[in-house]
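Colleague: Please put the model up on the screen. I'd like to ask a few things about it.

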Amino acid sequence: MISLRGVSVVIPAVRRGDADRVLLRDITLDLAERRIALVGANGSGKSTLLRLLNGLRLPTAGTVSVDGHDTVKEPRAVRSRVGFVFTDPLAQLLMSTPIEDVELSLRSRIRGQRERTRRAQELLDERGLGHLAHQSIYDLSGGERQLVALTSVLAVEPAILVADEPTTLLDLRNRRALRRTFAALDQQLIYSTHDLDVAADADRVLVLHEGRVIADAEPAAALAAYEEVLV
Amino acid sequence: MNAHSSLLGLYEPGQGWLFRFPVGLKYLLLLLVTVPPLVWGHWGVTVAALAAVLVLLGSSGIGPVRALRIGWVLWILLLVMAVYHLVSFNPAAAVVQSGTILVAVLAARMLTLTTSTPVLMDALGRALGPLRWVRIDPRQVALAVALMIRSVPYLIGSIDDARDAARARGRDRNPALLLTPVIVGAVAYAERTGEALHARGLPGDD
């Protein structure tokens, strides 16, 4: 379970006399549900909150812990438990081809090179990407890249998957494919989205507004509160 | 940005003998082709090395079109060097200097076009094994080298992107204007690479 206690994130003012910029204010949450969605306007603090969950960003005040491991004091333990999927898969893919990228994730688990290649191909096949294994990542569509990025992150077998607006760059078909993939995952999934249908797939929805959680409920009630804030 | 503009190319599995050749021997082959033109500095040796590396690649199913797809930036650089020596009435230097660089790049491509990055990383990790004596993990060094290789097509592509952006604003005549966006882009790329490693828990407990 992920716990946040009194978490704030503040960016100090660059010029004297200006006010500090507060990205998140005094957030206390326990995140235990299997599917949790974050919604909110641009700049509401969704990405900042998600990045706190695997230590990509550290809190200015308060603590964030994953299964009891503090993100500041035990970053390696947190990293190995929480995988992160970015909005733009090109920012996530580290190797030139899908199979090499998945192999990179498997490197510390499987020492034998042939076994690693076989397993990477197997993981790509499971997601229907096997035929793209040796293509350049620059030659893949946005949806294919996002699925490859997801496969690479899942290859390290994290207990929790955090995804920052994973459907934003996808067309309707790829969005549906990703939703089906997410629905079938064994991992706890915490994601942000602007798509209310995708948010409605969750067990719990958090609504962020100006760095605060203003609604925290099951999807119907939370999304109604969100629409009220937007209007 | 397209990886095909990459200096070092993209590995695709093949049936040629170089694909089956042990990676250690490929490194040796690379040295055998690149060192003689560097040491002798004679145009004949350079031409022979160039022919040898093209024959090696061709005999493994990598024809001259794919072998010589090294990106326009390097071709311009080689051309400028050659033209400089030709107008200085030194044609031998034109062949030796531009040719030796081309031999080195093609020899490197002989390795990268026929060997997957994970195999190269494993081989490098084994070769750097003695670093453990000074408490440096060779697998992490191999990972750093692989990421550096991966960054080459990105950085070449970022020059194209910066040029396109300058052209869109009608300011493409001064190459110096490309410098700042390319450097800023390279720093941002390094930061994103760090985050991408972090996102999947790498480097792990190797």
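Colleague: What covers the buried residues of α6(A)?

Modeller: The cover includes α5 (142-154) and β8 (188-192) of chain A. "Buried" is a count: a residue is buried with 20 or more other C-beta atoms within 10 Å of its own, exposed with 12 or fewer, and partly exposed in between, with C-beta atoms placed from the backbone. Covering is about contacts, where two residues count if their C-beta atoms, placed from the backbone, lie within 7 Å.

Colleague: And where do the labels come from?

Modeller: Helices (H or I, at least four residues) and strands (E, at least two) are DSSP runs, numbered from the N terminus. Residues are numbered from 1 along each chain as its sequence is written, while chains are lettered from A and ligands numbered from 1 in the order in which they are written. Keep in mind that this is a predicted model: local features need pLDDT of at least 70, side-chain atom pairs count only at pLDDT 80 or more, and totals for chains, interfaces and linings use all residues.

Colleague: Back to α6(A), which residues are buried there?

Modeller: R175(A), L178(A) and F182(A). Looking down the axis of α6(A), the buried residues fall within an arc of 65° (taken from the directions from the helix axis to the C-beta atoms), so they line one face of the helix.

Colleague: Which exposed residues does the face turned away carry?

Modeller: R173(A), R180(A), A183(A) and A184(A) are the exposed ones on that side of α6(A).

Colleague: How many residues does α5(A) have, and how many are buried?

Modeller: Of its 13 residues, 11 are buried, so to speak "mostly covered". Among them are E144(A), R145(A), L147(A) and L154(A). The cover over α5(A) includes β6 (82-85), α3 (98-106), α4 (113-126), β7 and α6 of chain A, together with α9 of chain B.

Colleague: Where is P158(A) found?

Modeller: In the loop between α5 and β7 (160-164) of chain A.

Colleague: Why does P158(A) count as buried?

Modeller: Because P158(A) has 21 other C-beta atoms within 10 Å. Leaving out residues up to four places away in sequence, P158(A) touches R81(A), V82(A), G83(A), V153(A), Q187(A) and G201(B).

Colleague: New topic. How many residues of chain B are in contact with chain A?

Modeller: 25 residues of chain B, and they meet 26 residues of chain A. On the chain B side, α7, α8 and α9 (179-199) each supply at least two residues. The largest share, six residues, comes from α9(B).

Colleague: How many helices and strands does chain B come to?

Modeller: Nine helices and zero strands. The C-alpha atoms of chain B fill a box of roughly 60 × 50 × 35 Å along the principal axes. Chain B has 206 residues, and 27% of them count as buried. Of the contacts in chain B between residues at least 6 apart in sequence, 68% join residues at least 24 apart.

Colleague: At what angle do α7 and α8 of chain B pack?

Modeller: About 140°, with the axes of α7(B) (117-127) and α8(B) (138-168) 8 Å apart. Axes are lines fitted to C-alpha atoms, for helices over the stretch in contact, and angles run from 0 to 180 degrees between N-to-C directions. That makes α7(B) oblique to α8(B): angles under 35 degrees count as roughly parallel, over 145 as roughly antiparallel, 65 to 115 as roughly perpendicular, and the rest as oblique. Among the residues that meet are L120(B) and L124(B) in α7(B), and L143(B) and I149(B) in α8(B).

Colleague: Last one: which residues have a positive phi although they're not glycine?

Modeller: E210(A) does, at about 50°, and F89(B) does, at about 55°. E210(A) sits in the loop between β9 (204-209) and β10 (212-217) of chain A, and F89(B) in the loop between α5 (72-87) and α6 (91-112) of chain B. With 15 C-beta neighbours inside 10 Å, E210(A) counts as partly exposed, while F89(B), with 7, counts as exposed.
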